[in-house]
Amino acid sequence: MAWLSGFRSGAFRFACLLALAFAAGSALVLVVVERSIAHYAVDATEGGLTSEAAILAGEDREEGRASLIGAIARHRRASGAEAFRYQVIDRAGRLLVDDIGTPTVRLGWGQVAVHDDPQDPAAETLRSLGVALPNGGTLVVATDTYDIQELRRALDRFLVVAGAVITVLALVGGYLIGALFMRRLDRVNAAIARVMAGNTAERLPPIGISREFDQLSANLNAMLDRIGALMDGLRQVTTDIAHDLRTPLGRLRQQLEQTRDARDPERFDASIDTAIAQTDEILAIFRALLRIGTLEGGDGRQYFAPLDLSELVGRVIAAYQPVAEDDGKTLIAAHADGLLIEGDAELLAQMMTNLVDNAIRHTPAGSTIVSRLERIDGAIVASVSDDGPGIPPHERDAVLTRFYRLDRSRNLPGAGLGMALAAAIAALHRVRLELLDNRPGLRVRLTFAQPTRVVETGVAALD
């Protein structure tokens, strides 16, 4: 039954444990209080008996037996009630004063049971103190302990009642909290069931019990967003592979058919070489796709190490300067020295290589390409800019996806994966990659948000 779910919840069991611990603690406190109060009452009673006995013994010593008996009478009148009871026995064993009614009282501390009311069979307990008188005989001073016993009984009753009330309140509170928690968890479980049924757009509602549970819901929703993005990417990759690999595979099949019909050995060898080259192109596409998928999955951060970004980018630019010159273009580097970061040197070199290679391949002869590396407002910023045709604003986000190619670039070699791979590497390193208008041309800006430090600063210009 639904109302029983609160009893089965972990919150209810936790509340029961808290109730048990709280009840045990409360009982311990009450026991300590009861013992303390009882000891205080006993100490006060014994202190009063000791003081009274000392006063009366002093009266007997200073003034004699008659004065002692008179002092007892005065004390009775002054108390207005039987605060103390007295018994005086002379040297010969005769009772001179007897408010106690039993001859069994002894010297020192003791307990005396008396029956004041013949109709009441219950005996009254007195606390007594017997002392030897200076002039011979014995003085006994006693007082009843009824108030102390009543106080202890009241404390015991309170202890039992308070423990029961605390336990019941804890159980009721635990049930209410457990029922509330179960209702909210049922909503979360229902949302999870809808996600498992295929509704990937479903998200978990906030639990609302505490900030920690709401943070858990937010983290799970972020995980679902990430999984959804990965699934969308997987579907997009599948579609892109089916669409964009159809052409190179078709060319490869056509080439193999031509090779089968070739009779001339030279033509046969040339066709085989062409088929191998086309196969290598397809394999390169698959390798790039696998690498992009690996990077987007977050794999690779375990290989991060401190590196000199200035030296790394400088090597990439130096390697591409002859390529740019052969293509009739100018490649310029303006880099600050000694900029250190944490990252994967091979991946960062691949990212910069893709950006520089794209700038060279997609700009006309006579273009100027500039690579900059500088510190701006505490952050390291790298950029590759050109004065070529650029990219229309509405297509800048698209070129960072797999297989996307501008219309003017479809006759150039490549599969449209270079910028997608660069974007994946940037995301792995938490680098913000932006495509901006260079007026004219395109400027790709990379902002390294991670903490960095500068060993040595300066600017080197390489033509």
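D357 and R361 sit four residues apart in helix α9 (residues 345-361), so about one helical turn separates them. Their side chains form a salt bridge, with the closest N and O atoms 2.8 Å apart; a salt bridge here is a side-chain nitrogen of Lys or Arg within 4 Å of a carboxyl oxygen of Asp or Glu. The model is predicted: local features need pLDDT of at least 70 and side-chain atom pairs count only at pLDDT 80 or more, while totals for chains, interfaces and linings use all residues. Residues are numbered from 1 along each chain as its sequence is written, and side-chain values use heavy atoms, with hydrogens and water left out.

**Overall make-up**

- The protein chain holds ten helices and 14 strands; helices (H or I, at least four residues) and strands (E, at least two) are DSSP runs, numbered from the N terminus.
- Of the 463 residues in the protein chain, 37% are buried. Buried means under 20% relative accessible area, exposed over 50%, and partly exposed in between (1.4 Å probe, protein chains only).
- Taking contacts between residues at least 6 apart in sequence, 63% join residues at least 24 apart; contact means heavy atoms within 4.5 Å.
- The protein chain has an accessible surface of about 26600 Å², and carbon and sulfur atoms account for 59% of that area. Accessible areas come from the Shrake-Rupley method with a 1.4 Å probe, and for residues only the protein chains shown count as cover.

**Salt bridges**

- Side chains of opposite charge can pair when their charged atoms come close.
- The count by the rule above is 13 salt bridges.
- D60 and R65 form a salt bridge in which the closest N and O atoms are 2.7 Å apart. D60 is buried, with a relative accessible area of 0%, and R65 is buried, with 18%.
- D225 and R203 meet through their side chains in a salt bridge of 2.6 Å, N to O. This pair links distant parts of the chain, 22 residues apart: D225 is in helix α5 (residues 211-244) and R203 in the loop between α4 and α5.
- D225 counts as partly exposed at 43% relative accessibility, and R203 is partly exposed at 26%.
- A network of salt bridges links R432, E434 and R445.

**Helix α10**

- Helix α10 (residues 418-428) is largely enclosed by the rest of the structure, because eight of its eleven residues are buried.
- The buried residues in α10 are M419, A420, L421, A422, A424, I425, A426 and L428.

- T368 is in strand β9 (residues 368-376) and counts as partly exposed at 28% relative accessibility.
- Not counting residues up to four places away in sequence, T368 touches T330, I332, S385, D386 and D387.
- The C-alpha atoms of T368 and S385 are 8.4 Å apart in space, and the two are 17 residues apart in sequence.
- S383 belongs to strand β10 (residues 379-386) and counts as buried at 6% relative accessibility.
- With neighbours within four places in sequence left aside, S383 is in contact with V370, S371, R372, R443, V444 and R445. Of these contacts, R445 is also part of the salt-bridge network with R432 and E434.

**Surface patches**

- Patches are made of residues with over 30% relative accessible area and no salt bridge; like charges are joined within 9 Å, and nonpolar side chains (Val, Leu, Ile, Met, Phe, Trp, Tyr) within 5 Å.
- Lys and Arg count as positive and Asp and Glu as negative, while His and the chain ends are not counted. The place of a charge is taken as NZ of Lys, CZ of Arg, CG of Asp or CD of Glu.
- A patch of negative charge on the surface gathers D264, E266, D269 and D273. One of these residues, D269, is in helix α7 (residues 265-296) and is partly exposed at 45% relative accessibility.
- V161, V165 and L169 form a nonpolar patch on the surface, and together they have about 280 Å² of accessible area.
- V165 is in helix α4 (residues 146-196) and is partly exposed, with a relative accessible area of 43%.
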